[in-house]
Amino acid sequence: METAQRILDKFSTPDNVVTHEFKCGKRSGVLIVQPDLSDAATARAVVFALENMAKKLDTLDDFNRYALLEYDVTISSDVDDCVNKLLNGDMLLCLEGESRYAVINARKYTTRGITEPPTETVMRGPREGFIEDLKTNLSLLERRLKTPDLAIERMEIGRKSKTAIALCYLSSVADEKVIKNVKKRLEKIDIDGIVDSHYLVPYIEEKPLSLFNQTGLSEKPDIVTAKLLEGRVAIFVDGSPMVITVPFVVVEEFQSGEDYYQRSTHGTFVRLLRYLGLILALLLPGLYVALQNFHYTLIPVRFMITLMTAIKGLPLSPLAETIFVLLLFEIIREASVRMPRAVGMAMSIVGALVLGETAVSAGIISSPAVMVIALSSIALFTVPSMIGSMSVLRIIFTLIGGLCGLFGLILAVLFTLHYICSLNAYDAPYLAPFTPLVYSDFKDAIERSPFPTMKQRPKSIPNNNPTRQA
Amino acid sequence: METTQQQTNNSALGSETTKNAGTTNTRETKQASGKQLVAIIFILAMATKMFLLPIFLIQSTGRDGYIILAVYGAFDLVTLIPMIITIKKCDVDFFELLSSVLGKVGAKIVVAIIGLFLFFKLNTAVAEILNFYGTNVLADFDTSLMIIVLLVFLAAAGTHTLRSLSRLNEIIMPIIVVCLAVLVAIVVLTGFDLGNILPAVADKKSFIYALIKHPAWVGDFTPLVLFIGRTKTKKFTWCFAAGSGVIGTGIAVFFAIALSAAFGNVPMLIDSTTNLSNILQFSVGNVYGRLDMFSSVVWSVSVFIEAALFFYATCRCVSFVIGKNAHLIISLCTCVATYVVQVFALTDPMIFSLAVTSDACAVITPVMAAGIPVLALVCALIYNKKQKNNTLAAGRKSA
């Protein structure tokens, strides 16, 4: 059949699809199915219904009207569009003498169940996480935002992958300029394939080469819902459980979903710990080396005596020693992430106990250096989304502290801060509400105020409707 | 209930139009906010004046050093008034203002002169930083290498916007204030004998000599010209701006008094290792480490920021004069020029001392420090009058 052949010709290996020939009255036709993505039962049912049809059917519209009433059917004459739909799991019904196709929705993929995402585990609060199926993910969102305001704009990205993307926002809250900007950036993407939402991140960010995250990534529907309610835009990608949100400000790195499900006092305390943790993680090794190398007069005498005893006879300079321990930690961390869980415990014992302890007792490294790096590394994990970038920055700060002392360290911090101050994607200052100062946004920055006090949406995020509650 | 809530939000949406929301959100139309201006004025008022100037003054005139510093501070505060008025009155930036009043060529000549002055101020600040870290904080400080680290930061300031610099200053400000508070607490708790600063101006000759020889440290508010027409201000920003200038100057004078009380009668003992930022005589002891020194080192960030402002202003002047917005190239060239001046021309602190205390410097610096704000104010008034006349003429024409 010519119409069916036109479709099959598009495939380099036509065996990928299955054709079912049928006869309905005097009309014969072919049903083309992609067996890996379509429901086989639907295909069987359609063929059975058509072959047993008592009524005389002439045109494709008749088929749609009488025989395929219980299915989601669209009629199309665009071959490329039909091929695309076939590749998404739809079936194509071709009739002899008819140039058009009936596209029948028979999509059925195997997806994993909704589980708690491993990257955002909580003690309290919802445990649902997004999965790889876009439809399921959107349903999780729609269940939480039952408003006609919720806009979902769909598009496809990827010449080959044709990945479905959904842009979600609350039309009465999100800023038009932000929506327009995001759409413009997405539409500009001309790539062969998108396999995960992370592929989109550099296209959406203002400075893709930057060390700092400029987009929010979350696997949890409650978090994405909360962000939409603050005026952000979410980007869902089919095949990825990670949802991108923009605009993004640095305080989001220090916020966790669980902060909102516990007493505000504890939430505030935990946030303060995270800020402190990040400062310690970043500056402690650099400060330790700078003080040892150049500014030992700043160290209290009693501590100095202890330190001198510990570092006596070490073959490495303080800088080399600290860099060595830092690299050791990074290698152990990377190995334990990649390693199968079964050998993870053994790895920890070998890495932390055997290697660390032996190196200290062998006199290669000192115990204060191990302690400083250990404290810094543990502190780093208080802000998990920043581990990658902060690990790099920590090594740079340590090198500068060791080579130029406090002078270099202060300048390096200033340089970094100055760079961060220049980030202003989607009109949301990256360091807001700290700079520019937005006092009202402090309620959800360092502090986690009780909900009744948060009457306004964050001003740091451009939005159309500042009032959150009366 | 849900309907009520929906209605509440919808009514809020109705009253809070996009236009209104724009004023509440952080979307910025200007480069700096009023708060950032206030913070920058505070830093400019006290940073370099607290650094090495008190030592130089005490070395020159003994216990009257703080009076000279107060005079310089007062002079700068006076120059701040026309600057603040201009920022308040004018809606166009400084370069546009000069171009419309003086013409393009005239504006370029004036900006070139201002740029040279700012470059001089930049080098004064950089020389102080290198001197401070070279003698106080780092044992084996190689100026020619260490300056590169500083220049990298300055180059970053030159290539980014005034907005970034203002934000940096705003975020660093609390740390500087905390360090100042620690230093003030140490000075007050350890105590100093105010009787040591009396009688005042006993040796008039050395007092006048020191007063005439150190005006290189006035004119700290001149980089504020870049804030003209680029600052989003509110009703009371001007009061806060003036207030922060006064407080900043007051803090500088306070530390100068403390230092004069300690070393005023023994000026031969003072050198750059005993400046007020490294208050050896007020050390809290070894038990807690050198908290005072640590605070002063962190406080010195304010001088870095002041230097960055001078650098940024110099780059923008160069950019205007040559008529190109090649910020990276201009920044790199300014870095090279600063490196050459610091490493080859000002290698010896004595050369630096002679340069900043020269007669030419004593005349030119105060003239520039006062002249720039006054020029800006006059130009703003002329510009506003021109604009008013143009509007009237256009009104008459249409009538």
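## Basis of the model

Because the model is predicted, local features need pLDDT of at least 70 and side-chain atom pairs count only at pLDDT 80 or more, while totals for chains, interfaces and linings use all residues. Residues are numbered from 1 along each chain as its sequence is written, chains are lettered from A and ligands numbered from 1 in the order in which they are written, and side-chain values use heavy atoms, leaving out hydrogens and water.

## Domains of chain A

Chain A is divided into domain 1 (2–104), domain 2 (134–248) and domain 3 (262–422), with bounds that come from an automatic or database domain assignment. The C-alpha centres of domain 1 and domain 3 of chain A lie 63 Å apart.

## The sheet E1-E2-E4-E5-E3

In chain A, five strands form an open antiparallel sheet in the order E1-E2-E4-E5-E3; strands (E, at least two residues) and helices (H or I, at least four) are DSSP runs numbered from the N terminus, and two strands pair if DSSP finds at least two bridges between them. Strand E1 (18–24) and strand E3 (73–76) of chain A are the edge strands, each pairing on one side only.

Strand E2 (residues 27–33) and strand E4 (residues 91–95) of chain A are joined in the antiparallel sense by four bridges, and A:Leu31 stands opposite A:Leu93 in E4(A). Helix H1 (residues 2–9) of chain A packs on the sheet, touching E1, E2, E4 and strand E5 (101–104), and its direction makes about 145° with that of E4(A). Contact here means heavy atoms within 4.5 Å, and angles run from 0 to 180 degrees between N-to-C directions, along axes fitted to C-alpha atoms, for helices over the stretch in contact.

## The sheet E6-E7-E9-E10-E8

Another open sheet of five strands in chain A has the order E6-E7-E9-E10-E8, with antiparallel pairing, and its edge strands are strand E6 (150–157) and strand E8 (216–218). Three bridges join strand E9 (residues 233–237) to strand E10 (residues 243–246) of chain A, where A:Ala234 stands opposite A:Thr245.

## The second largest pocket

Of the 43 residues that line the second largest pocket, those closest to its centre are A:Ile279, A:Leu283, A:Val413, A:Leu417 and B:Ile175. A pocket is an open set of points on a 1 Å grid over the protein atoms alone, where a 1.4 Å probe fits, with protein on both sides within 12 Å along at least five of seven lines, and lining residues have an atom within 4 Å of a point. H14(A) gives the most to this lining, with 11 residues.
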